[in-house]
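Hi,

Here is the structure I said I would pass on. Have a look at it first, and then read my notes below.

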Amino acid sequence: MKKSKLAVIIAAVVAVIVAVTGCLAVGVYNGFLKPADFNNYIVPVSGEGTGYFRHCYEELNESEKKLYSIVLPEIYNQTAKIEVSQLEDGSLTNVLKALSYDNPDMFNIGLNCKMYKSGYKHFFEVDYAIELSTYKAQLQEVEKIAQVIVDAASQYTDVYEKEKYVHDYIINHCTYVEPTESANANTIYGCLVEGKAACEGYSRAFQYIMNKLDIDNRIVTGKAATDGVNYLPHMWNFVYLNGKGYFTDVTWDDPKSEGNVLNHNYFNVNTRDILLKHKDIEQTIPLVTDTEHNYFVRENVYLDIGSGDAFETAVSNAVFAARYNNQNSVEFRFIDGAVAAQAMNSLFNTGVIYNVYTDAGIFVSSGAGQVYYMTDDSLHTICLFF
């Protein structure tokens, strides 16, 4: 059979390559180099016992899940250019967000990524925020501190107590800063090692430790406003305790101007409470109404009274318990605004706070001290600190 001119030319080129190199290590597949096999990728682990709760991954479509799975291990190694299959149906932004929100230990990842085609191949590239050696060294520092926290929290058998320990640890060891004030403000390294973080750093650190404690949780993003008017982008958490879901905002529980005073206004609140000053939640979060593991309910400081002997006894019990446990604050939540106003009147106008503080040794004589407090009118809470 007579060969075509093209076949003769190809044969000649191959002969030259063989003559020069002594071998031919190029496979031919329909005239192109054979692409990598992307059908045998490893699905990322998730759920109890894995150290990760990858809720965002589960919300991706199949094409996006495939890309997520392929690039996940490569990002931890900071591969510069990752060969991937084509993203046939989906959003690259969805994949990058899912990778970031599911993996708090992936703080080496930057804000931008891209996919492009070169020849017959497709590649994924992501900006890395730090050098690989720096990332590995910082992750080791984080893991040492995290293990100390996990060991301490694990002394409790109740998941509520474990969660509260982590919440309180972060508040006591981290100071809020704006993202522009610290290069690591949005990372677990900034929160746990440097002790300076913005809302993203607080939330990711909380997620990271919850993962290690095997408590189901996820990142929540949206907008929030302390005044209920001027909303800005914000990040907080959603936690499952014994099958029931709650919102926790560690950042908002860390009073920025009051040192290390503990606050639990936004510790395990339901949908109604979180939407008082948070909105535009990006994730699909179920409507939650449960209050069983809300801080004020669990600590027996959710009151439907604001005056009388029973109220004074409740305040006294809380203050004495705080003093016994070397705590410097007590918190109360009231059933509505009217009862909260009544409680404020009882505390400061009828002498309840003076009586309680004197009995507890906080006031040693008349006029010997001042009363410091914070209120949240939307949640009807009062925090007394001393």
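Let's start with a salt bridge: D290 pairs with K244, and their closest N and O atoms are 3.6 Å apart. (A salt bridge here is a side-chain nitrogen of Lys or Arg within 4 Å of a carboxyl oxygen of Asp or Glu.) D290 sits in the loop between β10 (278-279) and α10, while K244 belongs to strand β8 (residues 244-248), so the pair ties together parts that are 46 residues apart in sequence. D290 is partly exposed at 22% relative accessibility, and K244 is partly exposed too, at 32%. (Buried means under 20% relative accessible area, exposed over 50%, and partly exposed in between, with a 1.4 Å probe and protein chains only.)

Before you go further, note that this is a predicted model, where local features need pLDDT of at least 70 and side-chain atom pairs count only at pLDDT 80 or more, though totals for chains, interfaces and linings use all residues. Residues are numbered from 1 along each chain as its sequence is written, and side-chain values use heavy atoms, with hydrogens and water left out.

How many salt bridges does the structure hold? There are 14. One of them joins E299 and K164 (4.0 Å, N to O). E299 is in the loop between α10 (295-298) and β11, and K164 is in helix α6 (residues 159-173), so this pair links parts 135 residues apart in sequence. Another is between R204 and E200, with 3.0 Å between the closest N and O atoms. Those two are four residues apart in helix α8 (residues 199-212), about one helical turn.

Now for helix α12 (residues 337-349). (Helices, H or I with at least four residues, and strands, E with at least two, are DSSP runs numbered from the N terminus.) Which residues of α12 are buried? They are V339, A340, A343, S346 and L347. They cover an arc of only 120 degrees around the axis, which puts them on the same side of α12. (The arc is that of the directions from the helix axis to the C-beta atoms.) The face turned away from that buried side carries the exposed residues A338 and N349. At the start of α12, a side-chain oxygen of D336 comes to within 3.1 Å of the backbone nitrogen of A338. After the helix comes G351, with a positive phi near 90 degrees.

Key: Polar contact = N/O pair within 3.5 Å; in protein donor to acceptor, adjacent residues only side chain to side chain.
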